[in-house]
Amino acid sequence: MNTEKNVNVKTAGTVDPKKYEAYLKSTHRLGQAVSLLTLAMLLGAPFLIGSLLGTLPDLGAAARGFLSVGLVWTVSSIVEYLVYTPMLGAGGSYLAFITGNLINMKIPCAMNARELVGAKAGTPENEVISTLSIATSALVTIVVLALGVLLILPLQPLLESKVLQPGFANVVPALFGAMAYKYYRKDVRLALVPLVCMSLLFMFVPSLTASTSFMIIPSGALAIGLSWLRYRKVRKEVGQK
Amino acid sequence: MTVLEKLNGTGIYLICGGIVLFIAAVCVVFLVRAWKAGKALGMDPVKMKRAVTSSATFSLLPSVAILLGVLALSGSLGLPWPWLRLSVIGALHYETQVADAAAEQVGVSLSPDAMTTQAFATIALLMSVCIMWGMVLTTLFNRRYLRRLQGRNPAGASAGRGFGDQAMAAMFIGMVSAYLGSYLGGFVSGSGLFTFSGSWTPLVTAAVAALAMAVFTWLAEKKHLAWVDNFSIAGSMLLGMAAAVAIGH
């Protein structure tokens with residue numbers, strides 16, 4: 001017997017629309033205000049920290065970095081926004097985009113909570129449950145990280161030891177090795193072309209290794225172009241059937 | 001005082017800790033508001049409690065994995081900044097990649113020996129700028145976007161993604177290929193065209209991390225140890241980094 005189904009809960013059709021509208025309106029106001037404040041703090045922090053260290057960020061280098069890698073993440077952010085906001089509702093989406101770790105934690109966490117209580121997307125119940133879920137999840141992460149940082153502090157001399165430096169100097173290859181398996185297995189045939197092209201390019205023009213992040217653009221464009229051609233072909237075949 | 005010691009200074013802890021505290025307060029405010037709204041809307045407190053407790057337990061393991069990410073980045077960026085970045089907005093794969101791209105633009109590598117204070121400030125700024133767009137979009141469009149979706153089937157929004165999902169996967173495949181190609185090119189031609197005498201540490205590191213990821217995936221999918229998934233990226237990275245330490249270059 002499913003106990004959840006036996007719990008009497010008012011759903012979208014039975015709640016007071018005025019109360020719900022008022023809640024949504026104030027949630028948007030609050031969400032916008034805290035998002036702007038968080039943005040200001042996050043953008044201000046590098047300058048504040050820089051002034052503490054007696055320097056400021058190199059804006060030209062930051063702009064070049066944004067052109068190379070930032071555009072990829074901007075597109076990714078737009079897609080994430082369009083896809084996840086309807087699932088999360090107002091309060092949940094403001095919080096999720098402030099606290100991050102969407103795909104690896106917040107989205108599955110909110111979906112899990114929604115399924116557990118049987119809330120349907122787009123209903124007032126979903127709005128409340130998503131917000132509760134994401135707020136709780138973010139608080140757990142904040143507490144775990146704060147405790148972890150406190151525990152790591154005594155280990156700092158060890159972390160800074162010369163023996164461990166090759167490990168920290170190779171964080172990026174470690175990340176891309178892990179991500180390579182994760183993404184390549186989704187589409188090995190598609191992965192092969194940009195991998196071979198990029199490898200050959202770097203072998204023949206080794207100086208390009210100093211601009212790897214710029215090379216993401218042609219490599220990504222190649223992969224997306226190939227993916228688009230295949231998508232179009234499949235759609236055509238489905239249309240003919 | 002080394003750069004890393006400066007990056008672990010009390011002032012930086014206070015700045016980062018202050019922002020983390022602000023975000024924690026925001027979460028508490030949203031939590032309390034949603035709880036009160038749920039009660040006012042006639043929702044069952046048992047269900048709401050269940051949502052809270054299940055979310056807390058669900059988030060515990062991934063949070064420990066995120067902590068491992070803080071550890072991975074702390075060697076080059078100090079402890080407070082990765083702590084802030086992975087507490088607010090950040091995600092491990094994103095932070096590492098953007099930090100590396102920013103380091104490249106300021107002419108250093110993401111390693112403790114090469115780090116300078118200006119490089120750090122620039123990296124920190126770029127990390128903030130690159131990931132802020134989700135927040136910008138919610139601030140600008142959430143009200144209108146959600147209003148437009150009201151009355152429609154919200155599931156339709158995700159069902160109509162079409163090529164979007166494939167394009168995202170392709171974009172990441174392209175990104176990974178550029179980096180792996182650079183490691184291979186660096187080894188083959190890094191110290192002279194086709195001399196095969198460049199550094200092979202990044203290649204081995206990437207290979208070990210990929211292998212570890214394969215094992216984690218196998219455990220999660222074939223042995224039904226779903227919790228392993230939470231640690232797969234951070235765990236693979238740490239094993240890859242351990243391989244680099246073992247090689248000792």
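Reader: At what angle do the axes of helix α2 (residues 10-40) of chain B and helix α4 (residues 80-87) of chain B cross?

Author: This model is predicted: local features need pLDDT of at least 70, side-chain atom pairs count only at pLDDT 80 or more, and totals for chains, interfaces and linings use all residues. Residues are numbered from 1 along each chain as its sequence is written; chains are lettered from A and ligands numbered from 1 in the order in which they are written. Helices are DSSP runs (H or I, at least four residues), numbered from the N terminus. Their axes (lines fitted to C-alpha atoms over the stretch in contact, with angles from 0 to 180 degrees between N-to-C directions) come within 9 Å and cross at roughly 15°.

Reader: Is α2(B) roughly parallel or roughly antiparallel to α4(B)?

Author: Angles under 35 degrees count as roughly parallel, over 145 as roughly antiparallel. The crossing is at roughly 15°, so the pair is roughly parallel.

Reader: Which residues of α4(B) make the contact with α2(B)?

Author: Contact requires C-beta atoms, placed from the backbone, within 7 Å. From α2(B) come I12(B), Y13(B), C16(B), I19(B), V20(B) and I23(B). Facing them, α4(B) supplies P80(B), W81(B), W83(B), L84(B) and S87(B).

Reader: Which residue, with positive phi, follows α4(B)?

Author: Phi is near 60° there. The residue is I89(B).

Notes. Helix = DSSP H or I, 4+ residues; strand = E, 2+ residues; numbered from the N terminus. Parallel < 35°, antiparallel > 145°, perpendicular 65-115°, else oblique. Contact = placed C-beta atoms within 7 Å.
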